[in-house]
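Good morning. Please look at the sequence and the structure on the screen, and I will walk through them piece by piece.

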Amino acid sequence: MENKSFNFCPNCASKNISFDFRRFTCNDCEMVYYQNVATATAVILRKDDEILFTIRNREPQKGKLDLPGGFTDPDETAEKSCQRELKEELNLDIPLENFKYLLSQPNNYEYKTIPYKTCDLIYEATFPIGTELVIEEDEIEAVKWIKINEINLNEIGFVSLRKAVEYYINNQ
Ligand SMILES: [Zn+2]
């Protein structure tokens with residue numbers, strides 16, 4: 001399927017427009033609109049020598065390994081975004097101060113033929129022992145605990161998270 005884009009200026013409906021992925025410009029009314037990089041978070045949840053992966057239940061990268069996380073909401077801190085996503089996706093309650101920042105990685109996220117650029121912020125947290133996971137089945141097919149020395153990076157869907165997990169493995 002071909003990528004969708006804008007065909008008209010949303011302000012004056014002119015077709016005399018240019019769109020270079022990041023910036024939309026109307027040459028008639030001079031409207032300029034930036035499609036900026038979005039912030040997203042991902043959490044490496046650690047239990048002993050294992051990491052929790054989710055298996056994606058929707059495109060993009062359906063069926064591939066993923067880390068819990070998602071897009072940061074407006075007016076939200078990255079730590080709050082980690083906390084909210086883990087609650088939504090796995091029903092986990094983790095205090096904000098338990099999320100430790102590791103590194104960031106750029107990513108391409110194509111959703112329904114629209115390409116988005118993200119900057120993924122990767123955090124680490126310890127799995128709260130004795131908690132029961134409740135999976136949000138809309139987004140997640142299953143969870144998989146994998147020993148750190150048995151992780152196959154090629155099974156991880158997003159390039160950003162593959163690099164982050166590789167960094168994590170090498171910097172234990
Ligand atoms: Zn216009």
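I will begin with a term: a salt bridge here is a side-chain nitrogen of Lys or Arg within 4 Å of a carboxyl oxygen of Asp or Glu. By that rule K147 and D49 form a salt bridge, with 3.9 Å from N to O. K147 sits in strand β10, residues 140-147, while D49 sits in the loop between β4 and β5, so this pair ties together parts that are 98 residues apart in sequence. K147 is partly exposed, at 32% relative accessible area, and D49 is also partly exposed, at 38%.

One caution before I go on: this is a predicted model.

Now the overall layout. The chain has 2 helices and 10 strands. Reading from the N terminus, the order is β-β-β-β-β-β-β-α-β-β-β-α. Along its principal axes, the C-alpha trace spans about 60 × 30 × 30 Å. There are 172 residues in the chain, and buried ones make up 38% of them. How much of the contact in the chain comes from residues 24 or more positions apart? Among contacts with a separation of 6 or more, such residues account for 58%.

Next, the metal. Which residues hold the zinc ion? Its protein donors are the SG atoms of C9, C12, C26 and C29, at 2.3 to 2.4 Å from the ion. The angles among the 4 donor atoms run from 106 to 115°, and the site is tetrahedral. For that label with four donors, all angles have to lie between 85 and 135 degrees. If you want to find the donors in the sequence, look for the spacing C-x2-C-x13-C-x2-C. Is C9 buried or exposed? C9 is buried, with a relative accessible area of 3%. C29, at 30% relative accessibility, counts as partly exposed.

Back to salt bridges. A search of the whole structure finds 10 of them. One of the 10 is the K147 and D49 pair I started with. Another joins the side chains of R58 and D138, at 3.3 Å from N to O. This pair also links distant parts of the chain: R58 is in the loop between β5 and β6, D138 is in the loop between β9 and β10, and they are 80 residues apart. R58 is partly exposed at 32%, whereas D138, at 57%, counts as exposed.

The next pair is R84 and D73, with the closest N and O atoms 3.4 Å apart. R84 belongs to helix α1, residues 78-90, and D73 to the loop between β7 (69-71) and α1, so the pair ties together parts 11 residues apart in sequence. Why does R84 count as buried? Buried means under 20% relative accessible area, and R84 has 17%. D73 has 38% and is partly exposed.

Staying in α1, look at L90. L90 has 0% relative accessibility and counts as buried. Beyond its neighbours within four places in sequence, L90 is in contact with a list of residues including L45, L52, T54, P68, L133, I135, I140 and V143. V143 is 53 residues away from L90 along the chain, yet their C-alpha atoms are separated by 9.2 Å.

Helix α2 covers residues 159-170, which is 12 residues, and reaches 17 Å from its first C-alpha to its last, close to the 16 Å expected. Which residues of α2 are buried? They are S160, L161, A164, V165 and Y168. Seen down the axis of α2, the buried residues fall within an arc of 125°, so they line one face of the helix. Those numbers have a simple pattern behind them. An α-helix has 3.6 residues a turn, so residues three or four places apart point the same way. What does the buried face of α2 pack against? Its buried residues pack against β4 (38-47), β5 (50-56), β6 (65-66), β8 (100-111) and β9 (114-126).

That is all I have. Thank you.

Terms used: Residues are numbered from 1 along each chain as its sequence is written. This is a predicted model: local features need pLDDT of at least 70, side-chain atom pairs count only at pLDDT 80 or more; totals for chains, interfaces and linings use all residues. Side-chain values use heavy atoms; hydrogens and water are left out. Donors are N, O and S atoms within 2.8 Å of the metal (3.2 Å for Na, K and Ca); water is not among the atoms, so sites may look incomplete. Four donors count as tetrahedral if all angles lie between 85 and 135 degrees; four count as square planar and six as octahedral if opposite donors are over 155 degrees apart and all others between 65 and 115; anything else is irregular. Buried means under 20% relative accessible area, exposed over 50%, partly exposed in between (1.4 Å probe, protein chains only). Helices (H or I, at least four residues) and strands (E, at least two) are DSSP runs, numbered from the N terminus. The expected span of a helix is 1.5 Å times one less than its number of residues. The arc is that of the directions from the helix axis to the C-beta atoms. Contact means heavy atoms within 4.5 Å.
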